[in-house]
Amino acid sequence: MDGAELTGKKVLITGASGFTGRHAVSYFREVGAVVAAVVRRPDVHSFGIGTQVHVCDLNDKQQVRHLIGEVQPDYVLHLAGKNSVPDSWSDPLLVLETNVMAVLYLLDALRSCPAARTVIVGSRLKYTQEPGRIPQPPHPYSLSKALEEMVSLSWMSLFGQQIMLAEPGNLIGAGPSTGICSLLARHVVACEQAGKTEAFRLSGRDNTRDFLDVRDAVRAYATLLIQGASGTVYPVVSGTERSLGEVADLLLSMTEAEVPVRWDGASSGPDGSGKQEELSLLRKLGWQPMIPFATSLQDILSDVRAQQGRTTG
């Protein structure tokens, strides 16, 4: 899918100023969509000419209704939310409100646009309840994403809305990410610029993760907006597990600086990126990852170098 189906269509993107949101705004604008970028605070990011910026607190039901009434979107990509496990321990109610109630306010407002197709971006860290057992989510964030999925699918069933769910793995790429690849890249640049000697701490070398370039993830979301089956949960992952040792070795090969790394903890095995039958769901729609892992790492490193250069220059 080349995105041509989106030309001239109104695409509303929540969480537009975030890591994935910035890439999503760029992609949908490039394919000719009319992009409505939703942010919580004004002037947090410049999206360039041609993007409609809307300031809206998604935890405010009346603001959300006004937003949907004003935009009347054809498609909605919901990226906004609280994505920090530590934050979910310090303020669990805020995380639940932001990840659950905001989705309900959004979907309820979208009842006025029955033809709109919506992708809710969840998390593979969601809690899965085992039948007959007392719920034991590992953290409030996991619980919030499980509830987000449940209410989204329930709203689809109750009101006949077209709702797809996407579950991304570890997304990487240039931009304000707090993922392990970006954090290590910042450490590399700190060593390049200031000779930083403090070791960067990582877990076991054999621990594995599924890494996917954020630009490939955005293309996946676009595919789901056009072709996704309502009520389906789609894993958005590369399907390839990479060890943290492989990640560190490849990234450190891209610099001549001495970069100390300390390995802590035991190996924990794969992170469970998805069963093969799940991974085939997006492939059947014609989507597949296109950006090589090494290219993603090089782009991250180049972006951090550019940002640090502007900061210190």
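Just after helix α1, G32 takes a positive phi of about 95°, where helices (H or I, at least four residues) and strands (E, at least two) are DSSP runs numbered from the N terminus. The structure is a predicted model, in which local features need pLDDT of at least 70 and side-chain atom pairs count only at pLDDT 80 or more, whereas totals for chains, interfaces and linings use all residues. Residues are numbered from 1 along each chain as its sequence is written, and side-chain values use heavy atoms, with hydrogens and water left out.

Helix α1 itself covers residues 19-30, and its twelve residues should span 16 Å at 1.5 Å a residue, which agrees with the 18 Å between its end C-alpha atoms; the expected span of a helix is taken as 1.5 Å times one less than its number of residues. The buried residues of α1 are F19, T20, G21, H23, A24, V25, Y27 and F28, where buried means under 20% relative accessible area, exposed means over 50%, and partly exposed lies in between (1.4 Å probe, protein chains only). An α-helix has 3.6 residues a turn, so residues three or four places apart point the same way. The cover over the buried residues of α1 includes the strands β1 (10-14), β2 (34-39), β4 (75-78) and β7 (170-172), together with helix α7 (214-227).

Two of these covering strands, β1 and β2, pair in the parallel sense over four bridges, a pair being counted if DSSP finds at least two bridges between the strands. In this arrangement V11 stands opposite V35 in β2. Strand β2 is mostly covered, with five of its six residues buried. Q52 is partly exposed, with a relative accessible area of 38%, and its C-alpha atom is separated by 20 Å from that of Y221, which is 169 residues away along the chain.

Strand β7 pairs in turn with β9, in the parallel sense and over three bridges, and I172 stands opposite D213 in β9. Strand β9 (residues 208-213) is largely enclosed by the rest of the structure, because five of its six residues are buried. A further pairing joins β9 to strand β11 (residues 241-243), this time in the antiparallel sense over three bridges, with D210 opposite E241 in β11.

Grid points are joined across faces, edges and corners, and a volume is the space filled by probe spheres set on the points. The second largest pocket holds about 290 Å³ of space, and of the 20 residues that line this pocket, R22, H23, S26, Y27 and R215 are the closest to its centre. Helices α1 and α7 each supply at least two residues of this lining, and the largest share, eight residues, comes from α1. The lining of the second largest pocket divides into nine nonpolar, five polar and six charged residues, where Ala, Val, Leu, Ile, Met, Phe, Trp, Tyr, Cys and Pro count as nonpolar, Asp, Glu, Lys and Arg as charged, and the others, Gly among them, as polar.

The structure also holds three cavities of 30 Å³ or more, and the largest cavity has a volume of about 40 Å³. Its lining consists of G122, S123, K126, K145, E148, E149, L165, A166 and E167, which divide into two nonpolar, two polar and five charged residues. Helix α5 and strand β6 (162-168) each supply at least two residues of the lining of this cavity. Helix α5 (residues 140-159) also contains S142, which is buried with a relative accessible area of 1%. Leaving aside neighbours within four places in sequence, S142 is in contact with L125, K126 and Y127.

Note on methods:
Contact = heavy atoms within 4.5 Å. 1 Å grid on protein atoms, 1.4 Å probe; cavity = no way out; pocket = protein on both sides within 12 Å on 5 of 7 lines; lining within 4 Å.
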